[in-house]
Amino acid sequence: IDAVLPLIQVLNSDDWRIQQNAALVLMKIGDVRAIGGLASLAARVENAAVKDAGGKAAMSLATCVGEEGMAGDLINAANAYMWLAERYYKRDASVIKNYLGTYTIWGWKDGSLTNRDVPRYMYHLELAEDAAASALVEDPGSMAARNMLAAVHYAQVGALEGLSDDAKSDESVQELMEKYWGVLPITAAQGTETQLGALDLGLMWGDGSVARGALDTLPGVWDDRWIAADSPLVRALDSDDKTVRFAAAIAALKIGARDPYPGSEHVGEIAAQAADTGSVRQVLLIEPNAELRASSLKALHAAKLFAVAEADGASGFARAKEVGTFDAIVIRASLPDKLALMIYNELQRDFRTQGTPVIITGLGKEMDAAKELFQTNVAYAAADPIEVDVIATAVASSLNDDQKMALAISKAACEALAGIDKTATAFTNYGAAEGALLGVLSSNKPDDIRLAALSALGRIGGTTAIEGVLETFTKTANA
């Protein structure tokens, strides 16, 4: 059982002897997770013995961190908590400790320890949230702490949005969704500066869910500031993640700045790409059984999924890290060289693969054991050479959210273009958008998206759009 996190909460006791003993034990254990609590204890208490114990313990841990020049910064409680928050978010092995598969968040209320269990996929984010909130308590004026809290909240929402429909139907997951969606207005109320700060963190971490969350919120709280070359919004327009680029262009259209800024000339073109976006289906299969590997690849290709395969965990993991752009990864629960859970955890630590849907395959007891380990944040499929279609079906099902996101992006881009005032904004290059909107209009996308494209063409389309619109109207299916 992990004693460190409960002991950190015990530092909040009103009994100075308990505080002193807890500080001394934490110093002896030498776990860096205690550095924030110890630094806070040393700063706030008046009892000389407790202050001395807390200060010495905090300095001991700060020195052990081993990062040059950090010891002095880390004995400041707010800095220490922020240092921890970032490492919790990144699942740094020095702070994320899993004991016997338990994921418990500890607290202190009315003189007693409290605890609550959270899903494994939320554990590091809950710890990051607690650390950032503690930093804000230590320094109420800290913009870094506010930015971190907003970023972690967007990551929490993103983690829940990425679950399968089956997982979302679970009552405990629905409670979490209600909790975090309820916090969205509070996060938005922090204003433009905090949204830009969260966006900056999302871009720095390569976390699309954080960046998109901040960009979705930004237009509603925009304070009409000048958009400079170093603005995170400008950098988001040039992101390697197309979903972030699209969200940035949509946000820029809604903000509707009157003065040109770096990248504003590309907003129309990026929005056009967003309007016409579709989902990419590229799959990695890690399967040691040669017969099942071959038949699974055949089934995946028949389902119009481009798939590549590796025969062992090490090769599969290396391929996933090398490419970094797979839309789904299928992993056999029992591999000859690596634990499937170990591969999954490593994929979650890499920003390029942490949001990729994972499907675990297996049979009988192999699958039962996998379900106990992985809980609800992966999909499952039987590893049966006779019925390999179930693997392709599971992959396609896991990609439904990808398709939903593509359609949501397309609709948002069309609606943003429909709301633009060409004469009062800095945007140019609407020609590219016109062609893309005509493509949407003639596509088989849902009618609400096509109607939004039609509205956008009415707003920004020129004479060249008339022929395409009239051609669409001549088809009886579009009545």
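Modeller: Buried means under 20% relative accessible area, exposed means over 50%, and partly exposed is what lies in between, using a 1.4 Å probe and protein chains only. Please keep in mind that this is a predicted model, in which local features need pLDDT of at least 70 and side-chain atom pairs count only at pLDDT 80 or more, while totals for chains, interfaces and linings use all residues. Residues are numbered from 1 along each chain as its sequence is written, and side-chain values use heavy atoms, with hydrogens and water left out.

Colleague: Thanks! Why is threonine 104 called buried?

Modeller: The relative accessibility of threonine 104 is 13%. That value falls under the limit for the word, so threonine 104 counts as buried. Threonine 104 is found in strand S1, residues 104-109. Strands (E, at least two residues) and helices (H or I, at least four) are DSSP runs, numbered from the N terminus.

Colleague: What makes the pairing of threonine 104 with the side chain of aspartate 117 a polar contact?

Modeller: A polar contact is a pair of N or O atoms within 3.5 Å; within protein, one must be able to donate a hydrogen and the other to accept it, and residues adjacent in sequence count only if both atoms are side-chain atoms. The two side chains meet at 2.7 Å, so the pair is within the distance limit.

Colleague: Which residues does threonine 104 touch, not counting residues up to four places away in sequence?

Modeller: Those are Leu5, Asn115, Arg116, Asp117 and Tyr123. Contact here means heavy atoms within 4.5 Å.

Colleague: Let's turn to exposure. Is aspartate 224 buried or exposed?

Modeller: Aspartate 224 has 69% relative accessibility and therefore counts as exposed. Its place is the loop between helix H12 (208-221) and helix H13 (232-236), and its phi is positive, about 60°, although it is not a glycine. Arginine 91 also has a positive phi, near 55°, but arginine 91 is buried, with a relative accessible area of 18%. Arginine 91 sits in the loop between H6 and S1.

Colleague: And why is glutamate 387 called partly exposed?

Modeller: Glutamate 387 has 48% relative accessibility. Glutamate 387 is in the loop between strand S7 (379-382) and helix H20 (389-398).

Colleague: What about arginine 258, buried or exposed?

Modeller: Exposed, at 64% relative accessibility. Leaving aside neighbours within four places in sequence, arginine 258 is in contact with Ala424, Thr425 and Ala426. The C-alpha atoms of arginine 258 and lysine 422 are 10.0 Å apart, although 164 residues separate them in sequence.

Colleague: How do you know that the span of helix H16 agrees with what it should be?

Modeller: The expected span of a helix is 1.5 Å times one less than its number of residues. H16 (residues 290-302) has 13 residues and should span 18 Å; its end C-alpha atoms are 18 Å apart, so the two agree.

Colleague: Which residues in H16 are buried?

Modeller: Leu292, Ser295, Ser296, Leu297, Ala299 and Leu300. The buried residues of H16 pack against strand S3 (282-286), strand S4 (306-310), strand S5 (328-332) and H20. At the start of H16, a side-chain oxygen of asparagine 289 comes within 3.0 Å of the backbone nitrogen of glutamate 291. Just after H16, lysine 304 takes a positive phi of about 65°.

Colleague: What makes a set of points a pocket?

Modeller: On a 1 Å grid over the protein atoms alone, a pocket is an open set with protein on both sides within 12 Å along at least five of seven lines, whereas in a cavity a 1.4 Å probe fits but cannot get out; lining residues have an atom within 4 Å of a point. The second largest pocket holds about 520 Å³ of space. Among its 22 lining residues, Ile8, Gln9, Tyr81, Asp130 and Ser134 are closest to the centre.

Colleague: Which element gives the most to the lining of the second largest pocket?

Modeller: H7 does, with eight residues. Glutamine 9, from helix H1, touches Trp106, Gly107, Trp108 and Leu113, not counting residues up to four places away in sequence.

How values were computed: Points joined across faces, edges and corners; volume = space filled by probe spheres on them.
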